[in-house]
Amino acid sequence: MRPAAAGRGRDGEALRAAAAGLDLLSAWQRSFGALDLQASVAMHASDLVFTGLAAAVRRRDPATLFEWSERARHLSQQVAPVRPPHDDALAADLAELRMLRADLAGADWTTDPTVRALRDRVRERQWSATGSGATRERRTLAETSALLPSDTAVLAYVYTGTGLHGVVVRPDGATVVDLSWSRVRTALDGLRADLDMAALTRGGAMGSVTARALTARLAVLDDELLGPMRRAAAGAERLVVTVPGILGGVPWAMLPGMHGVPFTLATSVSRWFHGTTAAASTRAWASRRDHGFRGRRKRSGARRIHGRRGGRPACCRAPRRP
């Protein structure tokens with residue numbers, strides 16, 4: 001890829017070159033199953049991802065930015081799942097390793113020559129024979145809008161390395177939202193310390209002081225991080241949120257704007273659609289208004305336990321008179 005393309009205003013060329021590079025790295029990543037090699041590929045891809053994201057932001061096209069938001073998450077998801085090996089020889093070597101570890105308990109079992117030979121053989125087999133995790137098709141903006149329920153919006157946050165932006169996707173369209181990374185970063189800098197102090201001083205003499213500091217910091221994050229996105233998603237009753245790693249420590253459920261709002265924090269929109277059914281999506285919301293359902297469950301449980309008399313559960317009927 002020619003990095004100067006984006007700098008000279010040729011964003012289309014930069015996007016095509018970055019996409020081609022990521023596709024090449026993704027295909028290479030799928031060819032082996034060693035986690036350290038997969039992580040190394042993801043590190044090499046970071047410059048391409050940031051180049052593509054920055055060019056997509058400059059284009060101001062929601063579809064392009066949403067595509068790169070999903071691309072940025074796609075490469076890191078191609079991880080080999082933990083499964084029993086299909087190779088009989090590999091399974092036998094692993095079984096022998098487990099037996100040797102049990103037999104050599106209390107000693108430095110890794111120095112045993114047989115153990116070393118088995119570990120090298122297992123490692124070589126895994127590197128050459130194990131593939132990466134199954135790839136999932138990335139959803140486009142048009143597909144996402146068409147599949148979203150009428151009361152749901154997607155808040156996709158995008159970090160370009162120098163700025164923070166977002167794409168709000170609704171069933172009737174999408175909007176690019178610019179956010180203040182400098183103010184969000186300032187609020188994030190002391191967030192972990194405030195959360196730790198609030199947990200340690202809860203109910204103590206310093207409890208009210210730390211609670212006020214945490215409340216003020218959460219209010220800033222709510223105003224700068226969530227507020228602009230919620231306004232662009234006006235009318236949505238449920239939210240699907242995807243975030244870059246830089247926002248991984250945000251306690252979304254504690255933000256004032258999320259109080260009483262059902263939401264799910266998804267790895268990616270494509271993965272959320274892949275693994276979500278109507279029943280599963282209902283369980284995925286972070287805030288549930290299911291008290292009536294719980295009450296019905298309790299009453300039905302009482303009926304099963306105590307049986308019925310006269311059409312009412314035993315726990316609810318009036319006592320018999322002598």
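Of the 322 residues in the protein chain, 40% are buried (under 20% relative accessible area with a 1.4 Å probe, protein chains only; over 50% is exposed and in between is partly exposed). This is a predicted model, in which local features need pLDDT of at least 70, side-chain atom pairs count only at pLDDT 80 or more, and totals for chains, interfaces and linings use all residues. Residues are numbered from 1 along each chain as its sequence is written, and side-chain values use heavy atoms, with hydrogens and water left out.

The chain has 13 helices and seven strands (DSSP runs numbered from the N terminus: H or I of at least four residues for helices, E of at least two for strands).

Next come the aromatic rings. The whole structure holds four aromatic pairs (rings of Phe, Tyr and Trp, its six-membered ring, with centres within 6.5 Å; planes under 30 degrees apart are stacked, over 60 edge-to-face and the rest tilted). Tyr-159 and Trp-181 make a tilted pair, because their planes lie at 55°, with ring centres 5.1 Å apart. This pair links distant parts of the chain, since Tyr-159 is in strand β1 and Trp-181 in helix α8, 22 residues apart. Together with Phe-50, Tyr-159 and Trp-181 form one aromatic cluster. Here is how buried the two partners are:

| Residue | Relative accessible area |
|---|---|
| Tyr-159 | 16% |
| Trp-181 | 9% |

Finally, look at two helices. The axes of α9 (residues 191-200) and α10 come within 9 Å and cross at roughly 145° (axes are lines fitted to C-alpha atoms over the stretch in contact, with angles from 0 to 180 degrees between N-to-C directions). Residues making the contact (heavy atoms within 4.5 Å) include Leu-195 of α9 and Leu-214 of α10.
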